[in-house]
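The sequence and model come first.

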Amino acid sequence: MRVRAVGHRAAWMAATVGMLATVGALVATARSASATPSTGFDAIDPVLIVDTRVTPGSRLQPGTELNVPVSPAPGGSTRAAVRITATDTVGVGELRVHPCGAYDPAGRVQLELTAVTDTALVFAPLQSGAFCLHVTAPTQVIIDLEGYESPGGATAFVATGPSVAMRQVSVLGGTTQTLPLGSLAGVPAGAVAVSAAVTATGTSAGYVTLYPCGTTRPLASTLLYPGDARPWATAAIGRLDAGQQLCVYASSTSVVSVLVYGYWAPGAPASATGPLQYAFDSSDAPGFVGVNPTRLFDTRSTGARVGGGQVYELDLSSRVPADATDVVMNVTVTDPTAGGFVTVYPCEVARPVVSNLNFVAGQTVPNLVTVSLGSDARICLYSNVPTHLLSDLAGWYQTGGGDGYLPVTPSRLFDTRSGSKLGAGATYTLDLSGTVGADTSAVVLNVTVTETGSAGFVTVYPCSSPRPTASNLNYVVGQTVPNLVTVAVGSDRRVCFYTSGPAHMLADIAGWYASSSTIGYIGLVPARLFDTRDSVALEAGDILKVPYGPGVAPGATGDAVVALVMNVTAVAPAGPGFVTAYPCESGVPTVSNVNYVKGDVVPNLSIVRVDTNDDVCFYTLTGTHLLADLAGYFTSLPVLDLVEVR
């Protein structure tokens, strides 16, 4: 047995599973005892008022109290909306904003100072037209003024709750995306600015700028991102043009999301009767809501295959709630005219260079797919050759709802090969009451059929419900087929496995969803992690070690990625065998993720817990090429929502 590590090409792509930006760095706060219920807000185009970088060697030093005059804020202003960026930091520390002469060492931290450039929107309390900030580590600071509050301010703030204006849209470097917020986020005529949360993910360093369309783009940035393929986020104020349009500029190609949480408008009924604070509020990452399997579509009902090079668009807006972030569905290809692949992705982004299903001519192949939703909840399924497609909904992830995930080291639950083969029309009942918690709502199982006696299918469902007209695995005579299954469970925690034809069956548990867990799912635009076809195939007994990030120990940094969601595909194996994906520290478990025979192309979605050394390992019983595409990750970090706090 030998151990191989992925090279640099794969390592930088593995960084896409990095955590969200540090919670403390995303706080946008305002404290002012002098604010009154009549306080209004005036948004302006960003104006640079401080940049310590202009003088070489001029980092702010620990203990510095920097006095920041705010101009052109008018007299009587109580707070200034400023964007503070810390960069070129030495070591680690904190940055706090406070009224001059009233520094509180136990006050709210606006920025956690680290080696990474980071930014925060702050409503800074003013005294005599200035505020002060305090740092505890050497750092450079850039400050842009974006607006100010005063008793005579022109607009009041109206909180609306999160509305998606832009979700994971790929913006080419040097280009601008126009957002008509009147139609996208319900911002009314007369509104002059919006409160928003902006997220950007790029593989090259860059920045995003929000500004009113029809004006010259200001020389300021709303969000800086380091280009490490991780999502970075910030609170933002976006000034609008007269048509309630907001322009989003990206300096380098990145995937951008914009959520609107409220707006400022003249004469609007304010959302509060007292002083306001605007802050990122921690809530659990999106949780899972499982449903009984439901058929979404089947092209065989029309008799027309999806053509080669064509896209089948699936509108899920009426099937999932508005706050759903990702869907879990079983996708099956059947009767393809040639060998090929299917890619499932949100329609709003360019089709990524990944695959969810791989097949040969005439083959029937199922695979569980977890895919992010676009802002209009449209999912695209691309096939490079003509084939029939069908899909069954298993559930979805949603913000502020659903259950968290509890990953475990995979273990075998049952294997009928130790006894009798299941007969045609038989149902195997699995009692999980001694395996999962009492608050479990769904379980994740890798299910495999083998030694099949005829063509058929397997349906996995909660025993407390009638068997649905859906399938999890489809097979032909003599075939071995694996598939990851996410199935809801009832209060009795029993899961039923129905097979339409005679077959042996085995199942391994990967984890379960429970109301007591706060581990939520963050979906990404699919990206390739590694592909051994770029180098050499794995040999029998090889272990491929894949780091999920830049080598930072979770225990040392607070990095809370706990499991990866990957599509793993074996290509052209030298003989029958299997692949096992597992946390490296646990050793190779006696389970499998992908089962194959000689010459197969077999994909399977895998949810794999990462170990404390940031590693996931892949063991192969026989020689094969192997590739993996990352769909997302589970994290115990909170999602950060911009909310109104009184």
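## Strand pairing and burial

Strand S21 (residues 324-334) and strand S24 pair in the antiparallel sense over 8 bridges; two strands count as paired if DSSP finds at least two bridges between them. Strands here are DSSP E runs of at least two residues, numbered from the N terminus. The model is predicted, so local features need pLDDT of at least 70 and side-chain atom pairs count only at pLDDT 80 or more, while totals for chains, interfaces and linings use all residues. Residues are numbered from 1 along each chain as its sequence is written, and side-chain values use heavy atoms, with hydrogens and water left out.

Within this pairing, Val331 stands opposite Asn367 of S24. Strand S24 (residues 365-372) has 8 of its 8 residues buried, so it is largely enclosed by the rest of the structure. Buried means under 20% relative accessible area, exposed over 50%, and partly exposed in between (1.4 Å probe, protein chains only). In a regular strand the side chains alternate between the two faces of the sheet. Both faces of S24 are covered: Val365, Asn367, Val369 and Val371 lie on one side, Pro366, Leu368, Thr370 and Ser372 on the other.

An open sheet of 4 strands runs in the order S27-S34-S29-S32 with antiparallel pairing. Strands S27 (404-415) and S32 (481-488) stand at its edges with a single partner strand each, so one side of each has no neighbour in the sheet. In this sheet, S29 and S34 pair over 10 bridges, and Val449 has Met505 in S34 as its bridge partner.

| Antiparallel pair | Bridges |
|---|---|
| S21 (residues 324-334) and S24 | 8 bridges |
| S29 (residues 440-450) and S34 (residues 504-514) | 10 bridges |

The largest nonpolar core has 30 residues, and Leu181, Val187, Val208 and Val256 have the most contacts inside it. Such a core is a set of buried Ala, Val, Leu, Ile, Met, Phe, Trp, Tyr and Cys residues joined through side-chain atoms within 4.5 Å. Elements giving two or more residues to this core include strands S10 (156-171), S13 (206-212) and S17 (254-265). Leaving out residues up to four places away in sequence, Val208 touches, among others, Val198, Leu223, Val248 and Val256; contact means heavy atoms within 4.5 Å.

Thr459 is in strand S30 (residues 456-462) and counts as buried because its relative accessibility is 0%. The Thr459 side chain reaches the backbone oxygen of Ala470 at 2.5 Å.

Key: A polar contact is a pair of N or O atoms within 3.5 Å; within protein, one must be able to donate a hydrogen and the other to accept it, and residues adjacent in sequence count only if both atoms are side-chain atoms.
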